[in-house]
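Trainee: I would like a close look at one helix contact, and then at what surrounds it. Please show me the sequence and the structure.

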Amino acid sequence: MKRILIKDCYWLNRNQGTWEILQGNIGIEGNYIRFATSGSVQPPHDWQAEQIIDGYNKLVTPGFVNSHTHAAMALFRGFADDLTLERWLKERIWPVEELLTPEDIYWGSKLAILEMIKNGCTAFADMYFFMDEVARAVSEAGIRASLSQGMTALKLVDGWVSLRRAKAFALNWKGDANGRISVMLGPHALYTCPPSFLAKVAEVAAELQVGVHVHVAETLAEVHSAVESYGKSPVAVLEEVGLLDLPLLAAHCVHLAGNDLNLLAAKPNVHVVHNPKSNMKLASGICPVATLLERKINVALGTDGAGSNNSLDLLEEARVAALLQKVSVGDARVLPAEQSLDLLTINGAKALGLGGEIGLIKPGYRADLVLLNIDQPHFYPRHSLVSHLIYTARGSDVDTTIVDGQVVMQGRSLTTIDEEEVFWHAQQVRKRMVDATGVY
């Protein structure tokens, strides 16, 4: 097993519920963190590293977790801006998605993974179609991912076909890529999947022992439609069909009403994913993160797809999340830097079913680590590196990204992806989109 030593670095430690900055060395052996020392404590005397990474003026953090995205939608960046969600989907996104080939999804996913690695993301949760191609991109790039074959059932016959496809995908890829790939089932949302179909999804997920990834209460229109059609909120419908009893990745949860909070708080396997920039850009609203956290509901952070963000920079997402909660609640004390850092790391790990495996720098955890270059003006003076990480750092500060003990980027150079090849293919897809639609 390869041994890597990150020498003389600052590193982010979680101690009794708070984050602290320590100085020392981190040892990686194979896929795992072997040790993390501080002060005058040295690595074990018999431990010899094959690779030494200079950590001077670097801050080592747990890898960032993007808990909700549609990776291949990086191909739609800048293609459908300044529209409501309904028009964004129906007039721009859905028609163009019909044109995409499996190979397009592969290159779009590669583009997103490239961007995420450069921004310090080591794990992400994805919901889309042609997911075998996404899994292939994940496997080759060396990143960690929870993958869900997207499903819609506007026509039930189409839903059953998509469910069979999703089940086959889950059985084929679960635990692949040395365990870096995990799987969920991905019904799109209540407004595209009726309750009878969602109940069957819950049944199949329980059979496969996997979680479910779904959009929930993203817009007021979605909530009004659920009440009109079923007499209850989207959350209440999900509870009725059994989805809240499973590990559930509930993306957005912007418009929660009535008994929704009680239902979510009573289900420890439910994880809410906050997507602040996408929700702002589409004018969907603001997820009540502060209230959810008060109710002990796990909240993680996601970018959504780059078609509605338009960035996959999780540090920027964490900063926006913190600022948005403060101004929406009218209280500067809510969602402080330390709590925002939770959303970015350990909360995301829990949401992906990887709590106790990633999200902390701790012996025995998987070696998913990020090194940021902090020898830059915006990191001085160093009153609090935790504060700087949330309120001033940016994805471009990431120097090195390590996933499962493999260095996938060092000195901002990717080791597993040919950037120019990805850019060329992305431009070819764009040309076909433009030729077919006349847009841009």
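Predicted model: local features only at pLDDT ≥ 70, side-chain atom pairs only at ≥ 80, totals over all residues.

Trainee: Does α2 pass α15 in a left-handed or a right-handed crossing?

Mentor: The crossing of α2 and α15 is left-handed. Residues are numbered from 1 along each chain as its sequence is written, and side-chain values use heavy atoms, with hydrogens and water left out.

Now the geometry. Helices (H or I, at least four residues) and strands (E, at least two) are DSSP runs, numbered from the N terminus. α2 covers residues 102-118 and α15 covers residues 419-437. The two pack at an angle of about 130 degrees, and their axes are 9 Å apart. That angle makes α2 oblique to α15. Axes are lines fitted to C-alpha atoms, for helices over the stretch in contact, and angles run from 0 to 180 degrees between N-to-C directions. Under 35 degrees counts as roughly parallel, over 145 as roughly antiparallel, 65 to 115 as roughly perpendicular, and the rest as oblique.

Which residues touch? Contact means heavy atoms within 4.5 Å. From α2 come D104, W107, K110, L111, L114 and K118. From α15 come E419, E421, V422, F423, H425, A426, V429 and R432.

The buried residues of α1 are L85, W88, L89, I93, V96 and E97; buried means under 20% relative accessible area, exposed over 50%, and partly exposed in between (1.4 Å probe, protein chains only). Their cover includes β7 and α15. The expected span is 1.5 Å times one less than the number of residues.

Eight strands form it, open, in the order β6-β7-β8-β9-β10-β11-β12-β13, with parallel pairing. Two strands pair if DSSP finds at least two bridges between them. β6 (64-69) and β13 (298-301) stand at the edges with a single partner strand each, so one side of each has no neighbour in the sheet. Neighbouring strands are turned by 25 degrees against each other on average, direction ignored. Inside the sheet, β10 pairs with β11 (residues 248-252) in the parallel sense over five bridges. There H213 stands opposite L249.

α4 touches β8 and β9, and its direction makes about 160 degrees with that of β8. α5 touches β8, β9 and β10, at about 160 degrees to the direction of β9. The 14 residues of α5 (195-208) should span 20 Å, and its end C-alpha atoms are 20 Å apart, which agrees. Its buried residues are P195, F197, L198, V201, A202, V204, A205 and L208. These pack against β8, α4, β9, β10, α6 and α7. Just after α5, Q209 takes a positive phi of about 60 degrees.

Other strands pair in the antiparallel sense. β1 (residues 3-15) and β2 (residues 18-29) are joined by 11 bridges, with I4 opposite I28. Four bridges join β2 to β3 (residues 32-36), where I28 stands opposite I33. Both hairpins have two residues between the strands: Q16 takes a positive phi near 50 degrees in the hairpin of β1 and β2, and G30 one near 65 degrees in that of β2 and β3.

β14 runs antiparallel to β5 (residues 58-62), over five bridges, and to β15 (residues 398-403), over four. K58 has N373 as its bridge partner, and L369 has I402.

Definitions and conventions:
Left-handed = near helix turned anticlockwise from the far one by under 90°.
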